[in-house]
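Here's a quick briefing on one chain, written to be read with the model open beside it.

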Amino acid sequence: MHKYACIITDYMLFYKMKTVISREVTGTEIYNDFFNSPSVKSECTVDFRNNEFFKKNEVSFHWWSAEETSLHRHNFFEFFIITDGSAVHKLNGKTSKLSKGTLYLIRPEDCHQFRKAGDGGCIHLNFCVTCERFKALCDALKIPFDELVGREYLSAKLSGEELKYFVSRARELNVLSRFGGESQASAICAIIADAAAVVYRSGVIAEMNYPEWFTELLEKIHSPENIACTASDVYKMGGFSAPVMIEYFKKYTGKSVAAYLRDIKCDYACILLKNTSLSTLEISGRLGYDSLSHFNRIFKEYIGVTPAVFRNGSLENPKK
């Protein structure tokens with residue numbers, strides 16, 4: 001158990017900022033003079049229970065420009081994405097410079113801090129989730145929770161399209177923040193699930209001995225903006241004919257292109273069913289299925305029950 005120097009009274013107060021860009025995004029008051037107090041100059045712990053939205057919904061989101069933060073820990077998991085500029089990041093005693101497109105997962109036991117990198121600023125997104133909720137999301141994603149959080153460092157470099165996707169989803173949250181409540185929390189959950197999948201995928205692919213081009217192809221297929229892609233799209237992205245690409249997929253994944261796409265789409269559907277209020281029709285459309293009945297059949301073949309039954313949680317151990 002870590003011994004902390006102090007507990008911050010609101011989970012967003014640890015930022016020492018010049019420019020706040022997300023008052024409308026988060027709806028949370030920022031106290032710019034908070035760090036003028038000597039009591040927060042040392043290592044701090046940020047406690048989600050002191051923020052009402054976070055405490056109630058188990059997730060939270062903010063997006064702003066910060067010059068620096070204190071050295072701090074959390075009692076929750078935090079994803080951050082640098083959307084513009086760069087920053088010096090100190091994590092567990094090691095310092096590195098992070099650039100635009102960096103995605104990082106910070107665990108409760110991690111101790112980190114942001115500082116300015118030269119004269120430029122840095123804008124970043126933060127998606128936060130309680131330990132219990134994150135474990136549930138990983139279970140829905142079929143991501144081994146202990147394996148994921150047990151890695152030394154958890155980061156990924158987003159492609160231009162992936163970064164564009166996350167920024168677009170964050171902008172959607174700007175609108176939802178005006179309504180708050182369940183719809184906003186569901187949307188945050190879905191983005192966190194996307195971020196977790198990207199970080200986990202990055203680590204797994206790095207351990208495989210795939211050719212570079214195949215690794216890049218898998219990263220494209222798994223990226224949220226391509227979740228609706230078809231086998232024909234995969235052939236085009238890979239730059240090979242259908243027979244050649246099918247042979248490569250069987251060689252490297254043991255599955256056909258169609259089966260591989262089915263699996264990742266059904267896994268993603270599980271996340272949306274459990275963690276958002278999207279209808280089954282909306283989910284099937286987001287995954288690229290033109291027919292709801294076809295999606296229902298594919299989902300049942302893969303999971304073992306229909307999407308409606310899965311959402312209601314009546315199956316304790318769905319088959320894979």
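By class, 17 nonpolar, 2 polar and 6 charged residues make up the lining of the largest pocket. Here Ala, Val, Leu, Ile, Met, Phe, Trp, Tyr, Cys and Pro count as nonpolar, Asp, Glu, Lys and Arg as charged, and the others, Gly among them, as polar. Keep in mind that this is a predicted model, where local features need pLDDT of at least 70 and side-chain atom pairs count only at pLDDT 80 or more, while totals for chains, interfaces and linings use all residues. Residues are numbered from 1 along each chain as its sequence is written, and side-chain values use heavy atoms, with hydrogens and water left out.

**The pocket**
- The largest pocket holds about 710 Å³ of space (a volume is the space filled by probe spheres set on grid points, which are joined across faces, edges and corners).
- A pocket is an open set of points, on a 1 Å grid over the protein atoms alone, where a 1.4 Å probe fits, with protein on both sides within 12 Å along at least five of seven lines; lining residues have an atom within 4 Å of a point.
- Of the 25 lining residues, Tyr 200, His 222, Tyr 260, Ile 264 and Asp 267 lie nearest the centre of the pocket.
- Helices H6 (181-207), H7 (212-222) and H10 (257-275) are the elements that give two or more residues to this lining, and H6 has the largest share, with 7 residues.

**The nonpolar cores**
- The largest nonpolar core has 74 residues, and Phe 79, Phe 134, Ile 221 and Phe 249 have the most contacts inside it.
- H6 gives the most to this core, 13 residues.
- A second, separate core has 9 residues, including Ala 87, Leu 91, Tyr 104 and Cys 122.
- A core is a set of buried Ala, Val, Leu, Ile, Met, Phe, Trp, Tyr and Cys residues joined through side-chain atoms within 4.5 Å; buried means under 20% relative accessible area, exposed over 50%, and partly exposed in between (1.4 Å probe, protein chains only).
- Beyond its neighbours within four places in sequence, Phe 134 is in contact (heavy atoms within 4.5 Å) with residues including Phe 77, Phe 79, Leu 105, Ile 192 and Ala 196.

**The helices and the chain overall**
- The protein chain has 13 helices and 13 strands, taken as DSSP runs (H or I, at least four residues, for helices; E, at least two, for strands) and numbered from the N terminus.
- Buried residues account for 51% of the 320 residues in the chain.
- The 19 residues of H10 should span 27 Å at 1.5 Å a residue, and the end C-alpha atoms are 27 Å apart, which agrees; the expected span is 1.5 Å times one less than the number of residues.
- H10 is mostly covered, with 15 of its 19 residues buried.

- Most residues other than glycine have a negative phi.
- Glu 58, not a glycine, has a positive phi of about 70°; Glu 58 sits in the loop between helix H2 (52-57) and strand E4 (59-65) and is partly exposed, at 29% relative accessible area.
- Lys 142 also has a positive phi, near 65°; Lys 142 is in the loop between helix H3 (131-141) and helix H4 (145-149) and is partly exposed, at 40%.
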